[in-house]
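I opened the notebook today to record what I looked up in this structure, going from helix packing to the overall fold. The entries follow in the order in which I made them.

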Amino acid sequence: MVERFIAVQEFHFPFQELRFWQEARALVGGVYLLARHFPADERFELTSQTNRAAVSVPANLAEGCVRTSLKDRADFSQIAYASLLETVNLLIIAADQGFFSPADLGIQRDQSASMCNRINALRKS
C-alpha cells in the first residue's frame, strides 16, 4: 500500500504545472494560517466558510484546466474568481472583528489582487 501511495505522489497532474494554480494553492495556505486566529466559536461559521471559499479557488482552476470547451474553461475560471472575491470579503470581515492584524490582511489582499488579475486574464483568453 505504501508503494502505491509513493507512485501516486510522483505523478504530476496537468494543473500542478500552472503558475496561477500554484499561487492559488499558496493563497489557501495563507488563509488557513489566518483562520487559526479566529475564535473557537467561529469554527463552524466564519472559519469554515473562509477556508472553503479559499479551497474553491485552486479546485475550480484545476477542474477548469482539463475542460475541453472554452466556455467550460471560462465558467470554471469565473467560479474561481468569485470564490477568490468571497475569500477576500470574509477576510476583511474577520479583520474588522479584530481576529488578526490589518497588516496580515494587507498581505492576503495583495496576493489576492495579483490572483484576480491572473484569473481575469485567464477568463478572457
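**Helix α2 against helix α5**

I began with a pair of helices in this predicted model, and I noted that α2 and α5 are roughly antiparallel to each other. The axes of α2 (residues 19–35) and α5 (residues 102–124) come within 10 Å and cross at roughly 155 degrees, and since angles over 145 degrees count as roughly antiparallel, the description follows from the angle. I then looked up the hand of this crossing, and the crossing of α2 and α5 is left-handed.

Next I listed which residues make the contact: on the α2 side I found R19, F20, E23, A24, A26, L27, G30, V31 and L34, and these meet D104, Q108, Q111, S112, S114, M115, R118 and L122 in α5. Sorted by class, the residues of this contact between α2 and α5 divide into eight nonpolar, five polar and four charged.

**Helix α4 against helix α5**

I turned to α4 (residues 70–96), whose axis comes within 10 Å of that of α5, with a crossing of roughly 165 degrees; α4 and α5 are therefore roughly antiparallel to each other. The crossing of α4 and α5 is left-handed.

From α4 I wrote down A74, S77, Q78, A80, Y81, L84, L85, V88, L91, I92 and A95, which meet L105, Q108, R109, S112, M115, C116, I119, N120, L122 and R123 in α5. By class, I recorded 14 nonpolar, five polar and two charged residues for the contact of α4 with α5.

**Helix α3**

I checked the length of α3 (residues 43–65) as well: at 1.5 Å a residue its 23 residues should span 33 Å, and the C-alpha atoms at its ends are 32 Å apart, which agrees. Along α3 I also found a kink of about 25 degrees at S56, shortly before the proline P58.

**Overall fold**

Last, I noted that the protein has five helices and zero strands, so that I read the pattern along the sequence as α-α-α-α-α. Taken along the principal axes, the C-alpha atoms of the protein fill a box of roughly 45 × 45 × 25 Å.

Notes: Residues numbered from 1 in each chain as written. Predicted model: local features only at pLDDT ≥ 70, side-chain atom pairs only at ≥ 80, totals over all residues. Heavy atoms only, no water. Axes fitted to C-alpha atoms, helices over the stretch in contact; angles between N-to-C directions. Helix = DSSP H or I, 4+ residues; strand = E, 2+ residues; numbered from the N terminus. Parallel < 35°, antiparallel > 145°, perpendicular 65-115°, else oblique. Left-handed = near helix turned anticlockwise from the far one by under 90°. Contact = heavy atoms within 4.5 Å. Nonpolar A, V, L, I, M, F, W, Y, C, P; charged D, E, K, R; others polar. Expected span 1.5 Å × (residues − 1). Bend = angle between axes of the 7 residues up to and from the residue.
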